Amino acid sequence: MKLKGKVALISGGARGLGRAYAEAILKASGKVCLCDIDSEEGFKTLNKFQKTFGNDNVMFVKCDVTDHNSFENVFKQAKRKFGALDIVVNNAGLLTEDNVRKTMMVNSIGVIEGTQLATHYLSKESGGQGGVVVNISSTAGLTPVFYMPIYVASKYSIVGYTRSVAQNPANKERGMRYTCLCPAFTDTTMFDKKWSDEGEGPPPGVSEEEKKGALHLIEATGVNTVEEVVKGFMLLLEVDDNNGAVMTVTKKHGIQYRHGKPLSHKL
Ligand SMILES: NC(=O)C1=CN([C@@H]2O[C@H](COP(=O)(O)OP(=O)(O)OC[C@H]3O[C@@H](n4cnc5c(N)ncnc54)[C@H](O)[C@@H]3O)[C@@H](O)[C@H]2O)C=CC1
Ligand SMILES: CCCCC/C=C\C=C\C(=O)C/C=C\C/C=C\CCCC(=O)O
């Protein structure tokens, strides 16, 4: 897909990787509708982007992806402002091990409902022009990690869901493709590289013992920069014949496509 003039909706776009995906699309002369539950950060990002890319090319809508009406309102507003929608990035996510319902609601159901809304609002069948959905999972959606089993469960669900939706024979007629991006540890607020000492601390529900395991794993695997992940993300948008693609971005191996095989390492 050539990104010039294309319109993207990005959930969790106020900061971190979502904001970086948005910036990359804007730099490629696309237009972006950011949505996020954090409106303070969302409007800060909007102001910054408007200064660089112009008021006509970017908007922000406050939204909680676990509230279907709130999420659908973003699709409606984006179509109203920009007249079309071509790309949906289901990126909003959180990492906590002490609230299974919230984790599944945001990381799993938020992505599934975002995909359903994307199919409805983008599909040629319902008056759209077709387009691409990028669902954000994690390498923790392809391999077990003992200190974050709930997060892992939420991220595995996205890989299976995206692969399944991608197999629908109706996609061709609808002009839709569905892809999944699985970054390894990446240097954002969620990761907070100082969490082991003076930072915010490890995610809620992670014990001291598990913290040691996490540190060991982080040391062994390394930490992606945001730019490295954005490079993979842009490839998923730009390459047209990748329906069903699952891409990992890791410090050691860079960008790789996965074909249903589990990662080789044991954790
Ligand atoms: N940072 C990392 O190491 C990795 C992150 N990921 C995934 O990438 C995505 C983005 O992560 P980061 O940018 O690192 O995290 P982040 O914490 O910096 O950003 C996540 C954004 O999602 C928003 N959000 C959370 N709950 C929401 C809700 N209910 N409705 C709307 N927005 C909501 C937050 O307000 C925040 O702006 C997440 O899905 C995460 O699981 C995947 C692999 C590695
Ligand atoms: C205790 C948690 C530490 C902080 C982690 C913060 C964010 C992590 C987000 C993720 O999505 C986790 C990403 C990767 C972990 C999963 C597997 C590691 C193996 C990756 C590899 O082989 O390089």
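**Notes on the predicted model**

1. Thr 96 is buried, because its relative accessibility is 9% (buried is under 20% relative accessible area, exposed over 50%, partly exposed in between, with a 1.4 Å probe and protein chains only). This is a predicted model, in which local features need pLDDT of at least 70, side-chain atom pairs count only at pLDDT 80 or more, and totals for chains, interfaces and linings use all residues. Residues are numbered from 1 along each chain as written, chains are lettered from A and ligands numbered from 1 in the order written, and side-chain values use heavy atoms, without hydrogens and water.

2. The loop between strand E4 (87-90) and helix H4 (100-122) holds Thr 96; helices (H or I, at least four residues) and strands (E, at least two) are DSSP runs numbered from the N terminus. Leaving out residues up to four places away in sequence, Thr 96 touches Thr 103 and Pro 204 (contact: heavy atoms within 4.5 Å).

3. Polar side-chain atoms approach ligand 1 as follows: Asp 64 lies 2.9 Å from a nitrogen atom, and Tyr 151 lies 2.6 Å from an oxygen atom. For Lys 155, a side-chain N or O atom is 2.9 Å from an oxygen atom of ligand 1. The protein buries 94% of the 830 Å² that ligand 1 exposes when taken alone (Shrake-Rupley method, 1.4 Å probe).

Notes. A polar contact is a pair of N or O atoms within 3.5 Å; within protein, one must be able to donate a hydrogen and the other to accept it, and residues adjacent in sequence count only if both atoms are side-chain atoms.
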